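Here is a short briefing on one protein chain, grouped by topic. The sequence and the structure come first, and the notes follow.

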Amino acid sequence: MTTDPATNPYPRQPHIGDAFGHILARCWDTGATPWSAVEVIERDDALISTGDASRYFTEPEHWPDLERHVWAQATGRILDVGCGGGRHAVPWSAQGHEVTGLDPSPEAVRVSGERGVKAVVGSVPSLPDGLGQFDTIALLGNNLGLLAGPAQAPAVLAALAAVTRPGARLIGSGTDPGDGGTAHAAYHACNLRRGRARGQLRIRVRDGATATPWFEYWLATPDELATAVAESAWTLESLDRDPTGPDYVVRLRLPAQAAPRRAASRPPARRRETRRRMI
């Protein structure tokens, strides 16, 4: 068989489709058996990484302590951004919360639905219409990466604020890229030369000959995240780091609606007394 690109009859690029959803569905169909499906992530410098897709179905007792801690702070009506197969949404629903999942993968939305979670196809910052208003926005499972980068984060944070009630909170988890180590240092340096944040990634998910579209993903340092939040309507209430690794969790808050100002009461008008002139 010839390998000359000019004469090779096979396509040189993967078919664009729901690669992530296919992996997720295959794993769910086996009962989320470990390594029944493998997630393949391709970075735009050709780096390939793999992971066990069953992690998208782990139960709360198997989560890291930090993730379980911030997950428990959700209140009221919850929007789970990047819900995947419902790893966080399913136990919220079991506790009686009203949860809506959001994911760009139709198959992920289908799997979440099979697990009893209402989910819709969509992504940030272009949220679908009709979502309603939420008390908690969740960007868990390292989904602070969906802020995409310093230039894109303001639009994402504004879009999420637009579907929340006054005083709403945002809970999320992220990863500090650190110095990159030997595997990532050159990529980080290239990012800096191009005017990008060190931990910005351009990646896609592969499943055989199918791939998702390329998308931006941001491993922000805590300081970078704090700067992005400071330029938004949100306030950073807390940031807790994993003492054993690069992961961290955050809680953001929107201001509560100010009470309507009452008009200042006027003092009663003095009655002018007219003295009768004595003659």
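Buried means under 20% relative accessible area, exposed means over 50%, and partly exposed lies in between, with a 1.4 Å probe and protein chains only. This is a predicted model: local features need pLDDT of at least 70, side-chain atom pairs count only at pLDDT 80 or more, and totals for chains, interfaces and linings use all residues. Residues are numbered from 1 along each chain as its sequence is written, and side-chain values use heavy atoms, with hydrogens and water left out.

**Overall**

- The chain has seven helices and 13 strands; helices (H or I, at least four residues) and strands (E, at least two) are DSSP runs, numbered from the N terminus.
- Of the 279 residues in the chain, 43% count as buried.
- Contact means heavy atoms within 4.5 Å. Among the contacts in the chain with a separation of 6 or more, 61% come from residues 24 or more positions apart.

**Sheet**

- An open sheet is formed by seven strands in the order β6-β5-β4-β7-β8-β13-β12, with mixed pairing. Two strands pair if DSSP finds at least two bridges between them.
- At the edges are β6 (118-121) and β12 (235-241), each of which pairs on one side only.
- On average, neighbouring strands of this sheet are turned by 20° against each other, direction ignored.
- Strands of a sheet pair through backbone hydrogen bonds, either parallel or antiparallel.
- Strand β4 (residues 78-81) pairs with strand β7 (residues 134-139) in the parallel sense, over three bridges. The bridge partner of L79 in β7 is I137.

**Helices on the sheet**

- Axes are lines fitted to C-alpha atoms, for helices over the stretch in contact, and angles run from 0 to 180 degrees between N-to-C directions.
- Helix α4 (residues 106-114) packs on the sheet and touches β5 (99-103) and β6; the direction of α4 makes about 170° with that of β6.
- Helix α5 (residues 153-161) also packs on the sheet, where it touches β4, β7, β8 (164-175) and β13 (247-253). The direction of α5 makes about 140° with that of β8.

**Helix α1 against helix α4**

- Helix α1 (residues 19-29) packs with α4 at an angle of about 30°, and their axes are 7 Å apart.
- That angle makes α1 roughly parallel to α4; angles under 35 degrees count as roughly parallel, over 145 as roughly antiparallel, 65 to 115 as roughly perpendicular and the rest as oblique.
- On the α1 side the contact is made by F20, G21, H22, L24, A25 and W28, and on the α4 side by E107, A108, R110, V111 and E114.
- By class, the residues of this contact divide into six nonpolar, two polar and three charged. Ala, Val, Leu, Ile, Met, Phe, Trp, Tyr, Cys and Pro count as nonpolar, Asp, Glu, Lys and Arg as charged, and the others, Gly among them, as polar.

**Aromatic pairs**

- The structure holds four aromatic pairs. Rings of Phe, Tyr and Trp (its six-membered ring) pair if their centres lie within 6.5 Å; planes under 30 degrees apart count as stacked, over 60 as edge-to-face and the rest as tilted.
- The W28 and F57 rings are stacked, because their centres are 5.5 Å apart and their planes at 25°.
- This pair links distant parts of the chain: W28 is in helix α1 and F57 in the loop between β3 (48-52) and α2, 29 residues apart.
- W28 counts as partly exposed at 27% relative accessibility, whereas F57 counts as buried at 7%.
- The W63 and W71 rings have their centres 5.4 Å apart and their planes at 80°, so this pair is edge-to-face.
- W63 is buried at 4% relative accessibility, and W71 is buried at 7%.
- W63, W71 and W92 are linked into a cluster by ring pairs.

**Individual residues**

- H69 lies in helix α2 (residues 65-71) and is partly exposed, with a relative accessible area of 42%. H69 and V249 are 180 residues apart in sequence and 9.0 Å apart in space, C-alpha to C-alpha.
- N143 lies in the loop between β7 and α5 and is buried, with a relative accessible area of 11%. Beyond its neighbours within four places in sequence, N143 is in contact with V81, G82, S173 and Y217.
- G167 lies in strand β8. Leaving aside neighbours within four places in sequence, the contacts of G167 are R253, L254, P255 and A256.
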